Amino acid sequence: MNSTQKSRFFGHEVEGSSLAVATASPSDADDSSLMKTVGWISAGLGAVALGLFVGRELRQRYKFNRRTPYDLYSHSGDEQDVDFGLGI
């Protein structure tokens, strides 16, 4: 009994009687595909979380290094509602 398959690389046909093809059950392929998908999604989310953390740290350092002398008095120019001390 001869089986005929096409090679994936060059498109030529391979003929042989002792050609054994390992077949996995469909559930194994589905499980493997699902695990690969979950793995890639978790790796992507990990990269996004790391990027957000590093970006926040860099922005905080940038803002901290660009302080002005007025930043030391952060509430010096704020208007406040004063309900006491009017002498009435």
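Which residues form a nonpolar patch on the surface? In this predicted model, the patch is made up of Leu 50, Phe 53, Val 54 and Leu 58, which together have about 390 Å² of accessible area. One of these residues, Phe 53, belongs to helix α1, a segment that covers residues 26-65. Phe 53 has a relative accessibility of 45% and therefore counts as partly exposed, since that class lies between the limits of 20% for buried and 50% for exposed.

Among the 88 residues of the protein chain, 0% count as buried, and the chain exposes about 8,900 Å², of which carbon and sulfur atoms supply 59%.

Turning to charged side chains, the structure holds one salt bridge, in which the side chains of Arg 56 and Glu 57 meet at 3.9 Å, taken from N to O. Side chains of opposite charge can pair when their charged atoms come close. The pair counts as a salt bridge because its distance of 3.9 Å falls within the limit of 4 Å. Both partners are partly exposed, Glu 57 with a relative accessible area of 25% and Arg 56 with one of 44%.

A further contact involves an aromatic ring, for Arg 67 lies over the face of Phe 64, at 3.8 Å from the ring centre. As for rings that pair with one another, the count of aromatic pairs comes to zero under the rule applied here.

Terms used: Residues are numbered from 1 along each chain as its sequence is written. This is a predicted model: local features need pLDDT of at least 70, side-chain atom pairs count only at pLDDT 80 or more; totals for chains, interfaces and linings use all residues. Side-chain values use heavy atoms; hydrogens and water are left out. Patches are made of residues with over 30% relative accessible area and no salt bridge: like charges are joined within 9 Å, nonpolar side chains (Val, Leu, Ile, Met, Phe, Trp, Tyr) within 5 Å. Accessible areas come from the Shrake-Rupley method with a 1.4 Å probe; for residues, only the protein chains shown count as cover. Helices (H or I, at least four residues) and strands (E, at least two) are DSSP runs, numbered from the N terminus. Buried means under 20% relative accessible area, exposed over 50%, partly exposed in between (1.4 Å probe, protein chains only). Rings of Phe, Tyr and Trp (its six-membered ring) pair if their centres lie within 6.5 Å; planes under 30 degrees apart count as stacked, over 60 as edge-to-face and the rest as tilted. A charge sits over a ring if NZ of Lys or CZ of Arg is within 6 Å of the ring centre and within 35 degrees of the ring normal.
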